[in-house]
Amino acid sequence: MSSLHPAVPTAASIPSPASTAASVPSAAATDVPVPSPSATGSAGAAPTLAELMDFVRSAARDEALIASLPLDPDDRTWLRLDGPGGSEAWLIGWPPGTGTGWHDHADSFGAFTTAAGVLTEHSLAVRLPTDGWRTLELTEGVDRSRALATGQGRAFGQNHVHEVLNESGTTHAVSVHAYYPPLPRIRRFSRAGAVLRLEQTERPEDWQ
């Protein structure tokens, strides 16, 4: 099954703005502390970050839901879920050795939890400029890494830059993700040392 979930690169491309270079300070950390409420969002109301976290945790514990995801030995697979309060939610299967590449979620905040296996997240504690750049030089100390085993997850704010990987050589991983507002775009980056380069921007039609 070919993977076109938002975290999978597609052929969409962006206009080529004038090349610019800038230094990104390390002071703007993107980690977001999240309480663990039991609420799942009021009808008609935008969900909170905590409610998204609660949703992905609950979905990750649903054994029947996790078992319903078809797994492929080579490509990531996915199922669209009904997230709380109009959020965008996905159940994703990760074959051994697969990953997303560096990306952000524009103006959406979100949460994800590992439902099976172990996922590794590498993230940058920076807030990137919204538009008008092609290349950025990162300062020292912005890199963060964490391993998220079954039942573990994290929430993040807007403009969160990360990559997610299944580094296992033998075992599938499964995870649940939720975003609000529904993803308006995803920016994809390549990285060479301290240099982060904007490669393309994807829109919802590229992954749905």
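Me: Before we start, what counts as a strand here?
Reply: A strand is a DSSP run of E with at least two residues, and strands are numbered from the N terminus. Keep in mind that this is a predicted model.

Me: Okay, where is Asp82 found?
Reply: Asp82 sits in strand S2, which covers residues 77-82.

Me: Is Asp82 buried or exposed?
Reply: Exposed: Asp82 has a relative accessible area of 75%, and the cut-off for exposed is over 50%.

Me: And how far apart are Asp82 and Ala178?
Reply: In sequence, Asp82 and Ala178 are 96 residues apart, while in space the distance is 9.3 Å, C-alpha to C-alpha.

Me: Switching topic: how many aromatic pairs does the structure hold?
Reply: There are 3 aromatic pairs. One of them is Phe109 with Tyr180, a tilted pair at 6.2 Å centre to centre, with 55 degrees between the planes.

Me: Which parts does the Phe109 and Tyr180 pair tie together?
Reply: Phe109 is in strand S5 (residues 109-116) and Tyr180 is in strand S11 (residues 173-180), so the pair links parts 71 residues apart in sequence.

Me: Why does Phe109 count as buried?
Reply: Because its relative accessibility is 18%, and buried means under 20%. Tyr180, at 22%, counts as partly exposed.

Me: What about Phe156 and Tyr179?
Reply: Phe156 and Tyr179 also form a tilted aromatic pair, 6.3 Å centre to centre and 50 degrees between the planes. Phe156 lies in strand S9 (residues 153-156) and Tyr179 in strand S11, so this pair ties together parts 23 residues apart in sequence.

Me: Are those two residues buried or exposed?
Reply: Phe156 is buried at 1% relative accessibility, and Tyr179 is buried at 5%.

Terms used:
Residues numbered from 1 in each chain as written. Predicted model: local features only at pLDDT ≥ 70, side-chain atom pairs only at ≥ 80, totals over all residues. Heavy atoms only, no water. Phe/Tyr/Trp six-rings, centres within 6.5 Å; stacked < 30°, edge-to-face > 60°. Helix = DSSP H or I, 4+ residues; strand = E, 2+ residues; numbered from the N terminus. Buried < 20%, exposed > 50% of the residue type's maximum accessible area, 1.4 Å probe, protein only.
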